[in-house]
Amino acid sequence: MKTALITGATSGFGRAIALRLAKLGYNLIVTGRRAERLNELTKQLRSDFTIDVLSLCFDVRDNEACTKALESLPENFKKIDLLVNNAGLAAGSSPFQESDLADYDQMIDTNVKGLIYVTKLIVPGMIAKQSGHIINISSLAGIEVYPNGSVYCASKYAVNAITKGLRIDLIHHGIKVSSISPGMAETEFSIVRYHGDEEKAKAVYAGLIPLNAEDIADAVEFIVTRPAHVSINDIQINPAQQAN
Ligand code: NDP
Ligand code: 8X3
């Protein structure tokens, strides 16, 4: 049985990906900051599937916490076959000149540095067994830049550069590196972006049918079920009503 580690499994894409990978028979390490959500998910996974589940509560921005959690994994979770770097956020939506620097720090620290910290800790184990797969959840925002999105977009452009670089650096170790680049999807993403303002968050999706978390789980399932000789570099996936 294979083992997958998913960051940011307490909500949205991460949660849906965890449930989908459980259905595919993966043992799971689920992570996030909200312990209660992790407990609830772990309970559901254990009752609905015959898999081993480990939940680890830590903030990906804290390298010491990442190290503590991931360097002392129980024996049966030590060999990680699939890492899904999903934890991330947008914070704020204002022109650059009016934006809060704390929001910018949070996005760079989570989406870029957090992804680097976790990946740095998992890659050595994959190299040791000369196999593995990393899927980074990027965004359409890593391909296009939109008004009031400069630094969120920058963080996802960085994710794409890291994805491409990792693919080159890890190719001789039997490790595949993929990304998924979704457009607008209704999760807790916009609630977080608007600092808890649910009305503003809802308005983002007015007049179109956004993607949902299951659409992204579908993409993950497609990527991990390809034959060994096939590597999916990126899946760009938009709502039918969103061109760019
Ligand atoms: P959600 O807000 O629903 O989920 C985000 C997840 O990330 C949560 O589980 C949250 O867990 C976790 N997370 C955030 N910050 C941290 C942190 N510092 N440490 C650990 N975990 C953290 O949003 P989505 O599911 O939509 O977002 C998932 C990913 O998809 C993100 O990288 C986002 O940028 C990307 N994305 C989203 C799109 C969208 O339109 N929704 C489109 C394209 C990409 P907790 O709060 O418990 O820590
Ligand atoms: C989130 C996608 O373009 O709606 O990554 O901000 S977008």
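Predicted model: local features only at pLDDT ≥ 70, side-chain atom pairs only at ≥ 80, totals over all residues.
**Entry 1: ligand 1 and its surroundings**

I began with ligand 1 and asked where it sits. I found ligand 1 in the largest pocket. Next I looked up how many residues surround ligand 1. The count is 30, and the closest are Thr-10, Ser-11, Arg-33, Tyr-152 and Thr-187.

**Entry 2: polar contacts of ligand 1**

Then I went through some backbone contacts. At Val-60, a polar backbone atom is 3.0 Å from a nitrogen atom of ligand 1. For Asn-86, I noted a backbone N or O atom 2.8 Å from an oxygen atom of the ligand.

**Entry 3: ligand 2**

Which residues are around ligand 2? I listed Ser-139, Tyr-146, Tyr-152, Met-184, Phe-189 and Arg-193. Ligand 2 sits in the largest pocket, which is where I had placed ligand 1.

An N or O atom in the side chain of Ser-139 is 2.5 Å from an oxygen atom of ligand 2. Tyr-146 has a polar side-chain atom 2.4 Å from an oxygen atom of this ligand. For the side chain of Tyr-152, I noted 2.4 Å between an N or O atom and an oxygen atom of ligand 2. The protein covers 86% of the 240 Å² of accessible area that ligand 2 has on its own.

**Entry 4: arginines over rings**

I stayed with Tyr-152 and looked at its ring. Arg-193 lies over the face of Tyr-152, 5.3 Å from the ring centre; both residues were on my list for ligand 2. I found another such arrangement at Phe-222, where Arg-226 lies over the ring face at 3.9 Å from the centre.

**Entry 5: a pair of rings**

Last, I looked for aromatic pairs and counted 2. One of them joins Phe-96 and Tyr-104, with 5.6 Å from centre to centre and 35 degrees between the planes, so the pair is tilted. Are these two residues buried or exposed? Phe-96 counts as exposed because its relative accessibility is 55%, and the cut-off for exposed is over 50%. Tyr-104 is at 10%, which is under the 20% cut-off, so I wrote it down as buried.

Technical notes: Residues numbered from 1 in each chain as written. Chains lettered and ligands numbered in written order. Heavy atoms only, no water. Phe/Tyr/Trp six-rings, centres within 6.5 Å; stacked < 30°, edge-to-face > 60°. Buried < 20%, exposed > 50% of the residue type's maximum accessible area, 1.4 Å probe, protein only. Lys NZ or Arg CZ within 6 Å of the ring centre and 35° of its normal. Near = heavy atom within 4 Å. Polar contact = N/O pair within 3.5 Å; in protein donor to acceptor, adjacent residues only side chain to side chain. 1 Å grid on protein atoms, 1.4 Å probe; cavity = no way out; pocket = protein on both sides within 12 Å on 5 of 7 lines; lining within 4 Å. Sits in = over half its atoms within 2 Å of the grid points. Areas by Shrake-Rupley, 256 points an atom, 1.4 Å probe, with all protein chains shown as cover.
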